[in-house]
Number of protein chains: 6
Amino acid sequence: MSSSIDAATRLERGRRMFERSIGGSAQAFIDGIAAVAPDFGPLILEWEFADVYSRDTIDLKTREIVILAACAALGATGADAVKLHVKAALRAGVTREQIAEILMQVGFAAGLPAALCAIGAVKAAFAEMDASDTNG
Amino acid sequence: MSSSIDAATRLERGRRMFERSIGGSAQAFIDGIAAVAPDFGPLILEWEFADVYSRDTIDLKTREIVILAACAALGATGADAVKLHVKAALRAGVTREQIAEILMQVGFAAGLPAALCAIGAVKAAFAEMDASDTNG
Amino acid sequence: MSSSIDAATRLERGRRMFERSIGGSAQAFIDGIAAVAPDFGPLILEWEFADVYSRDTIDLKTREIVILAACAALGATGADAVKLHVKAALRAGVTREQIAEILMQVGFAAGLPAALCAIGAVKAAFAEMDASDTNG
Amino acid sequence: MSSSIDAATRLERGRRMFERSIGGSAQAFIDGIAAVAPDFGPLILEWEFADVYSRDTIDLKTREIVILAACAALGATGADAVKLHVKAALRAGVTREQIAEILMQVGFAAGLPAALCAIGAVKAAFAEMDASDTNG
Amino acid sequence: MSSSIDAATRLERGRRMFERSIGGSAQAFIDGIAAVAPDFGPLILEWEFADVYSRDTIDLKTREIVILAACAALGATGADAVKLHVKAALRAGVTREQIAEILMQVGFAAGLPAALCAIGAVKAAFAEMDASDTNG
Amino acid sequence: MSSSIDAATRLERGRRMFERSIGGSAQAFIDGIAAVAPDFGPLILEWEFADVYSRDTIDLKTREIVILAACAALGATGADAVKLHVKAALRAGVTREQIAEILMQVGFAAGLPAALCAIGAVKAAFAEMDASDTNG
């Protein structure tokens with residue numbers, strides 16, 4: 001039965017979904033937290049990327065918009081996640097202007113300091129991407 | 001003086017946008033907080049609904065998805081806003097299944113208790129709408 | 001021993017400051033949480049009301065404004081504290097109009113849902129006070 | 001291979017772990033949110049209860065203390081989770097006095113209003129349990 | 001058309017109020033976020049500084065106290081805003097001792113880590129100001 | 001007068017408890033915030049370390065677990081406190097593996113970005129400790 005997917009398969013599916021959506025290395029994500037929590041990276045890939053990202057109730061573009069909005073609402077706590085998902089959002093077809101619009105709307109929900117934290121993270125992501133384009 | 005005339009125009013534009021998107025009475029929204037802050041309702045209508053909702057960088061459906069995700073991330077603080085905007089999201093073409101998917105994704109960003117607060121608010125909104133359909 | 005005598009003195013000072021600023025019974029505050037945490041109420045009275053409220057670096061009116069602003073920024077979590085301190089703020093000379101202005105300003109910092117949570121708490125406090133005035 | 005556990009098995013393991021730790025019906029938990037998000041309850045049981053609760057790096061008593069502390073720190077957002085896990089903590093051997101001590105310590109981390117939200121939830125849980133003991 | 005003229009007037013009023021209260025360049029504030037959200041800076045100046053700061057229900061000193069308290073309660077998310085508004089508060093007549101007192105009081109509402117985040121931001125602001133005084 | 005003598009005693013008790021649990025200098029903690037709030041460090045030592053840490057309702061190991069869980073749930077706001085208390089937790093007998101398990105469990109309560117903020121703080125603490133071991 002197709003639901004009988006073992007843990008190794010789920011992790012593999014999570015890795016592929018992470019790399020297809022985010023565009024970076026899933027192993028680098030795992031390695032980044034392995035010095036503290038070696039089991040946590042693989043579990044996040046299984047839960048978020050294999051079990052949920054793969055669902056097609058909303059398309060990937062909408063999913064990245066949801067993540068940007070929710071993480072922007074978290075302010076400083078969500079800044080790293082915003083920075084990571086800016087690239088995923090652009091890959092999924094969200095424009096830079098739309099990212100700005102999303103953050104402005106989040107400002108009403110979570111306050112201006114939270115929106116400005118997210119804008120700082122997006123600014124850093126844009127700068128990295130533009131530097132990489134120039135160097136590439 | 002043109003300034004006060006223009007403020008009235010912005011407020012009028014905000015009222016229309018509120019009623020077109022949310023589907024309820026803008027005056028009821030103003031009245032609901034007037035016993036404490038009579039100037040705040042009109043200002044919210046001007047800022048959020050006249051100045052920002054009217055922008056077409058993202059469409060209304062996307063905007064309502066952003067608001068649901070951001071307010072769900074606020075947990076108990078955002079529950080009333082989630083309840084209000086569930087109706088706006090459905091009017092804009094978001095399905096009930098997609099609302100569930102959005103809240104599940106927010107669970108990763110803001111935690112399960114925040115997602116469950118939002119689900120409670122959505123459940124109440126669905127119940128009100130279904131009761132109203134039955135009675136109507 | 002002088003230590004226990006002094007603790008009693010601090011608690012007594014905390015009780016008096018609580019009752020002078022909030023206007024309600026310090027014992028009722030202690031009793032309200034005693035079924036769960038009987039030592040916590042007395043410690044809060046000592047820390048917040050004996051050790052800090054009694055300091056005159058800022059006057060009581062300013063202190064109540066600080067508390068309203070900070071608790072309003074906490075949204076749903078701060079709502080009960082906002083309700084309690086509305087009465088203290090009015091006793092200290094803050095007007096109802098100024099409370100509204102404070103909450104509007106907090107809306108920029110913490111978002112509109114947080115400000116609306118606080119407004120709901122203030123509305124309930126005003127209603128209780130007005131009902132009490134009418135009945136009294 | 002033992003890691004080749006299928007989804008049905010994981011869900012079943014999650015249900016058993018939920019019922020063993022929390023002491024209530026896993027199906028009631030699923031049903032409580034099914035009107036909005038029918039897939040979310042089963043996924044939470046798999047992720048939190050099958051994948052993580054079953055790990056023995058910390059014992060169940062310590063895990064419930066962690067959950068109480070983290071959910072208390074969330075204030076109003078965490079109140080329902082605090083109420084649910086109070087019963088689990090008591091079942092795992094945490095005493096009522098220790099729950100109070102945990103919440104007092106959380107007050108330093110998350111503020112007094114957050115601690116008081118948690119105390120309100122614990123008070124409600126204690127009252128339900130004591131009423132049930134009397135009636136039973 | 002009068003609408004665009006009036007918007008320009010509001011923006012101009014917002015710029016003047018920003019510079020009078022904060023003491024820095026409004027254009028620098030706009031430019032700081034323009035790489036991501038070029039329309040957001042002007043809108044913030046209109047909403048917060050033209051529409052609300054100009055109201056005299058509370059005086060500028062009280063308003064800056066409200067902002068410090070609310071942003072301090074946001075912890076890491078509010079740290080940049082605290083740093084910006086420390087200077088505004090001092091310009092409006094709040095003393096350094098009073099800023100410390102405000103943050104101590106916020107510690108009860110939002111927890112010690114939030115208060116310590118704000119203290120870190122104030123420490124950085126004081127250091128910049130003292131270095132500038134020495135160099136000036 | 002006995003009151004000031006007793007305050008000195010409480011402060012002294014707080015210092016000893018801070019140094020016994022955290023393992024660093026209580027004076028360094030006071031000095032770190034004295035440029036902004038010279039009275040706040042001593043008061044924190046009295047309230048948290050003399051009045052509460054000294055209570056034996058829960059043992060020191062459990063108390064440090066509570067603090068880690070609550071501060072991790074605060075995300076970016078709690079990161080410095082997590083970093084400080086990692087060392088206290090290890091001293092009290094919590095293992096590195098258990099700290100990871102605690103943070104994974106907090107991820108369900110407060111979301112993955114909050115857990116990842118805490119993991120970043122723990123990673124920095126581990127790196128400092130390991131560098132110090134190598135150099136020592």
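A salt bridge is taken here as a side-chain nitrogen of Lys or Arg within 4 Å of a carboxyl oxygen of Asp or Glu. This is a predicted model, in which local features need pLDDT of at least 70 and side-chain atom pairs count only at pLDDT 80 or more, whereas totals for chains, interfaces and linings use all residues. Residues are numbered from 1 along each chain as its sequence is written, chains are lettered from A in the order in which they are written, and side-chain values use heavy atoms, with hydrogens and water left out.

**View 1. Salt bridges between chain E and chain C**. Four salt bridges are counted between these two chains; in one of them, C:Arg55 pairs with E:Glu101, with 2.9 Å between the closest N and O atoms.

**View 2. The contact of chain E with chain C**. Each chain contributes residues to the contact (heavy atoms within 4.5 Å), 27 from chain E and 27 from chain C. The buried area, which is the accessible area (1.4 Å probe) that two parts lose on being put together, summed over both, is about 2,400 Å², with 74% of it on carbon and sulfur atoms. E:Glu101, E:Gln105 and E:Phe108 supply 27% of the area that chain E buries against chain C, more than any other three residues.

**View 3. Surroundings of F:Arg10**. F:Arg10 is buried, at a relative accessible area of 6%, where buried means under 20% (1.4 Å probe, protein chains only). Not counting residues up to four places away in sequence, F:Arg10 touches several residues, including C:Arg10, C:Asp51 and F:Trp47.

Terms used:
Buried means under 20% relative accessible area, exposed over 50%, partly exposed in between (1.4 Å probe, protein chains only).
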